[in-house]
Amino acid sequence: MTKTKKHAEDTCPFVYLCRLPLSTRTVNHLADLLRRHLKVIRSRWRILPPGKIAVIVLAVLRHDQRLADMADMAGGNNVSESTVRRWRDELITLLAAQAPRLDRSLKKIARQGGEVVLIDGTIIATQRRTGKADRRNYSGKHHRHGLHFLVLTDERGRLIWISAARPGRTHDNTAARHDHILAHLRAAGLGALADLGFRGLDNDVLDPVIVTGFHATRTHKLTPGQKTANRVLAVGRAPVEHGFAHLKNWRILTKLRTDPAHATRVLRALLVLTNLEVNR
């Protein structure tokens with residue numbers, strides 16, 4: 001049987017439209033970022049105006065376009081698939097460079113009169129890895145393969161910082177110690193609300209910086225006062241889940257298919273875009 005890539009006679013490609021639920025502010029920010037960065041426009045950027053390139057890249061990130069979908073999108077704009085992927089990677093790098101640093105983020109919160117931040121860890125699902133990376137990326141808590149990230153938000157749930165990617169089996173305390181979260185909080189004069197996964201991170205009984213609530217065991221039941229304290233803490237921590245929800249609205253995070261080495265840039269770029277959308 002002979003295979004051919006030629007189209008059948010009397011056929012033509014169809015073009016479909018999809019809704020991009022993003023603000024004009026986000027599109028303009030990305031287009032302006034591109035204009036400032038490319039003072040001398042290279043040949044592959046002359047094909048389309050910066051605003052059009054920004055829309056294409058945002059559509060790829062928002063709707064998690066696969067390779068076949070990218071080819072369709074590229075064909076609809078008279079560019080190659082490799083060009084769309086190159087635009088995506090370069091603009092992700094530009095956005096990730098704008099992500100705030102941990103120490104500067106905490107000092108900014110303190111200057112604005114904030115007293116506490118919210119800290120939590122999350123797993124971003126990935127494809128199953130081969131070799132030694134298979135076991136390292138498997139999270140026994142979530143029962144899936146992924147990458148571990150720490151996230152800080154303010155009291156309203158607005159994202160202020162995200163850590164580098166780590167293997168999915170990483171414990172929240174291990175990641176927090178690696179990033180020196182406790183030292184940065186003390187330097188900024190801030191406290192943090194966290195879940196029970198961060199128990200043992202702050203052993204200062206007299207002046208704790210990280211509040212984690214009370215833990216029940218088989219031999220030690222919680223008192224009514226401790227249960228009330230846990231409920232109050234849960235209410236205070238609720239906005240951090242809202243921050244995660246805003247971040248994971250980007251469907252590219254449904255199952256991250258990029259190289260784990262590039263995952264940190266992707267998450268930090270999406271943090272910048274999320275803040276543009278939420279903090280309007």
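Q: How do the axes of α4 and α10 cross, and within what distance do they come?
A: In this predicted model, they cross at roughly 65 degrees, with the axes coming within 8 Å.

Q: So what do we call that arrangement, for α4 against α10?
A: Roughly perpendicular. Angles of 65 to 115 degrees get that label, so this pair falls in it.

Q: Left-handed or right-handed crossing, for α4 and α10?
A: Left-handed.

Q: Which residues make the contact?
A: On the α4 side you have Ile92, Thr93, Leu95 and Ala96. From α10 come Arg265, Val266, Arg268, Ala269, Val272 and Leu273.

Q: How do the residues of the α4 contact with α10 divide by class?
A: Seven are nonpolar, one is polar and two are charged.

Q: OK, what about α1 and α4, how do their axes cross?
A: Roughly 95 degrees for the crossing, and the axes come within 11 Å. That puts α1 roughly perpendicular to α4.

Q: Which residues of α1 and α4 meet there?
A: α1 brings His29, Leu30, Leu33, Leu34 and His37, and α4 answers with Leu91, Leu94 and Leu95. Sorted by class, the α1 contact with α4 comes out as six nonpolar and two polar, with no charged residues.

Q: Switching to the core. Which residues in the largest nonpolar core touch the most other members?
A: Leu61, Trp250, Leu253, Leu256, Leu267, Leu270 and Leu273, out of 49 residues in that core.

Q: Which elements each supply at least two residues of it?
A: The helices are α1 (24-37), α2 (50-63), α4 (81-96), α9 (224-247) and α10 (260-278), and the strands are β1 (116-125), β3 (144-153) and β4 (159-162).

Q: And which of them gives the most to this core?
A: α10, with nine residues.

Q: Trp250 was on your list. What does Trp250 touch?
A: Skipping residues up to four places away in sequence, Trp250 touches Leu22, Leu58, Leu61, Arg62, Leu270, Leu273 and Thr274.

Q: How many residues are in the other core, the one lying apart from it?
A: 21 residues, with Ile119, Ile160, Ile181 and Ala194 among them.

Q: Let's look at Val117. Where is the place of Val117, and is it buried or exposed?
A: Val117 sits in strand β1. Val117 is buried, because its relative accessible area is 0% and the cut-off for buried is under 20%.

Q: What is Val117 in contact with, leaving aside neighbours within four places in sequence?
A: Leu106, Ile109, Leu152, Thr153, Ile160, Leu185, Leu190, Gly191, Ala192 and Leu193. Take Gly191: Val117 and Gly191 are 74 residues apart in sequence, yet 6.4 Å apart in space, C-alpha to C-alpha.

Q: Why does Thr26 count as buried?
A: Because its relative accessibility is 0%, and anything under 20% qualifies.

Q: Zooming out, how many helices and strands are there in the protein chain?
A: 10 helices and seven strands.

Q: What percentage of the residues of the protein chain count as buried?
A: 44% of the 280 residues.

Q: Last one: among contacts between residues at least 6 apart in sequence, what percentage join residues at least 24 apart?
A: 64% of those contacts in the protein chain.

Conventions. Residues are numbered from 1 along each chain as its sequence is written. This is a predicted model: local features need pLDDT of at least 70, side-chain atom pairs count only at pLDDT 80 or more; totals for chains, interfaces and linings use all residues. Side-chain values use heavy atoms; hydrogens and water are left out. A nonpolar core is a set of buried Ala, Val, Leu, Ile, Met, Phe, Trp, Tyr and Cys residues joined through side-chain atoms within 4.5 Å. Buried means under 20% relative accessible area, exposed over 50%, partly exposed in between (1.4 Å probe, protein chains only). Helices (H or I, at least four residues) and strands (E, at least two) are DSSP runs, numbered from the N terminus. Contact means heavy atoms within 4.5 Å. Axes are lines fitted to C-alpha atoms, for helices over the stretch in contact, and angles run from 0 to 180 degrees between N-to-C directions. Angles under 35 degrees count as roughly parallel, over 145 as roughly antiparallel, 65 to 115 as roughly perpendicular and the rest as oblique. A crossing is left-handed if the near helix is turned anticlockwise from the far one by less than a right angle, and right-handed if clockwise. Ala, Val, Leu, Ile, Met, Phe, Trp, Tyr, Cys and Pro count as nonpolar, Asp, Glu, Lys and Arg as charged, and the others, Gly among them, as polar.
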